[in-house]
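Colleague: I am new to reading models like this one. Could we go through a few spots together?

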Amino acid sequence: MHVDVLIIGGGVIGCAIARQLTRYRLRVALLEREVEVGFGASKANSGIIHGGHHTAADTLKGRLEWAGNQLWDALCAELGFGFKRTGELTVALSPEEAPTLEQLLRNGEAKGIAGLEIWDRERTLATEPNLTPNVVAALYAPATGVVNPYEACFGLAESAVRNSLHLMTGSPVVGLAALEDGWLVRTPDSEITTRFVINAAGLYADRVADLAGVRTFSIHPRKGEEYLLDKRLRGLVQRVIFPCPTPVSKGILVIPTFDGTIMVGPTAHSTEDRADRTTTAAGGDEVFAAVQQLAPGISARDCIAEFAGLRAVADGGDFVIGPTAKRGFINVAGIQSPGLTAAPAIAVMVTEILHDEGLPLILKDDFAPTLPKPVHFASLSTAAQIALAAKERRYSRLVCRCETVTEGEVVDAIARGARTLDGVKFRTRAGMGRCQGGFCTARCMEVLARELSIPFTAVTKHGGASWIVRERNEELP
Ligand SMILES: Cc1cc2nc3c(=O)[nH]c(=O)nc-3n(C[C@H](O)[C@H](O)[C@H](O)COP(=O)(O)OP(=O)(O)OC[C@H]3O[C@@H](n4cnc5c(N)ncnc54)[C@H](O)[C@@H]3O)c2cc1C
């Protein structure tokens, strides 16, 4: 196969770039190591579209954060993922912290961010009554939002595929060789030639750069643990709540997710292990101790699920985006937070770089920006639910009781790319509720096995060896 641009890595960055490039008359391929897109950091983050004022204006990530923030409304209107602008409060809990709010305000205003306001204690508590009475003041930022990051990633990939992206999942790049006018890219089962390579391999971007012989940076993983709370706490806060930031992190936050549950986290600890997605007792203690300072009504006993993600921090801490010493190889690396926020702006920037490097960009006449809206049974009126269930029997069979997800929605998710239990879960919410899959796991597995024509024992949680059940081994005692 020969393409014009080959993207390595199907996280939100690779998928956003792919979708942006499919607007043009180009042959574009994306190679993703995992069985589905979005299974790296892009699924395991805080889901915040940051307001732009937390990062310095003289960094690349500082510029792309605010530029990206402003592109999310249009993206959401086209692709239909969960996104809303909740606004944010960064709270000072002592008079000593108050100057930090002023500093963040000046930082935001220098970038032209409108609507930032410092609120006094009374206004803060009148607006968010469940915050600690110890609050001294807060910085209000209206442009901050929350997004379902996995839905955004799936939507970007699906839209790109509908616009002729050649998506190859389960395809780790294992070799790269420079050609006279392009690159030969190897996976264990294929070879592709391309004029341009985009390295969007997240935590492994330094290793991919090594394969190409253009490594100029290292990735230092920084783990973040997150804790999801029971729906009992829905509405505890309306806005994303930040403490005053520290030098390494924006701090541990209280996040009202798009779906209504409250999430708390993340921690920020460096690790050598690029595969360590464990949560820890110490991490949980750190998170709950921190958020109880902000909102004392939160208790660790409300936790229904926990996960960890790894930020891909490059030397120096900034994003590493641009051409390299070898023609046609472009890095999009070190995309730590606020990489999700910046993703749409990064996609525009990379397209401009490709153009500057000599790739002709001719817009397609038939680019289809929108996706068909999936059925979300739980949010239909009772009358609409009854009508749909009567018309199509699959919508009359409930798969997930906690989140009211029907078999029809699971079948639809599989048709749109889900190959695993996590793929179904993150597209439909089956398994995300209070019982965390206790009821629906076997049902989802049955539907996956039937629709993908694979044995029940071949269904995995997220690909590889993450099987749920095994064949009975008669030889075992
Ligand atoms: C705990 C945490 C909280 C965060 N919160 C926020 C937030 O609230 N807001 C925000 O803006 N940002 C946040 N971020 C940052 C954000 O999640 C990342 O910036 C973003 O997801 C990076 O996307 P990516 O595509 O670069 O990486 P990834 O999603 O990791 O994608 C890289 C992909 O490359 C693939 N890959 C690797 N090697 C190869 C290979 N050899 N061949 C093929 N494929 C390969 C991987 O499998 C992976 O799918 C957070 C991050 C973490 C960890």
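Colleague: Where is Phe-81 found?
Modeller: The model is predicted, so local features need pLDDT of at least 70, side-chain atom pairs count only at 80 or more, and totals for chains, interfaces and linings use all residues. Numbering starts from 1 along each chain as its sequence is written, and side-chain values use heavy atoms, without hydrogens and water. Helices (H or I, at least four residues) and strands (E, at least two) are DSSP runs, numbered from the N terminus. Phe-81 sits in the loop between α3 (72-79) and β4 (83-84).

Colleague: Why does Phe-81 count as buried?
Modeller: Buried means under 20% relative accessible area (1.4 Å probe, protein chains only). Phe-81 counts as buried because its relative accessibility is 5%.

Colleague: Which residues does Phe-81 touch, beyond those up to four places away in sequence?
Modeller: Contact means heavy atoms within 4.5 Å. On that basis, Phe-81 touches Trp-72, Leu-75, Cys-76, Val-147, Glu-151 and Ala-152.

Colleague: How far is an oxygen atom of the ligand from an N or O atom in the side chain of Ser-42?
Modeller: A polar contact here is a pair of N or O atoms within 3.5 Å. Backbone atoms take part too: a ligand oxygen is 2.6 Å from a polar backbone atom of Ile-335. For the side chain of Ser-42, the distance is 2.5 Å.

Colleague: How much of the ligand's area does the protein bury?
Modeller: Accessible areas come from the Shrake-Rupley method with a 1.4 Å probe. Taken alone, the ligand exposes 1000 Å². Of that, the protein buries 96%.

How values were computed
Polar contact = N/O pair within 3.5 Å; in protein donor to acceptor, adjacent residues only side chain to side chain. Buried < 20%, exposed > 50% of the residue type's maximum accessible area, 1.4 Å probe, protein only.
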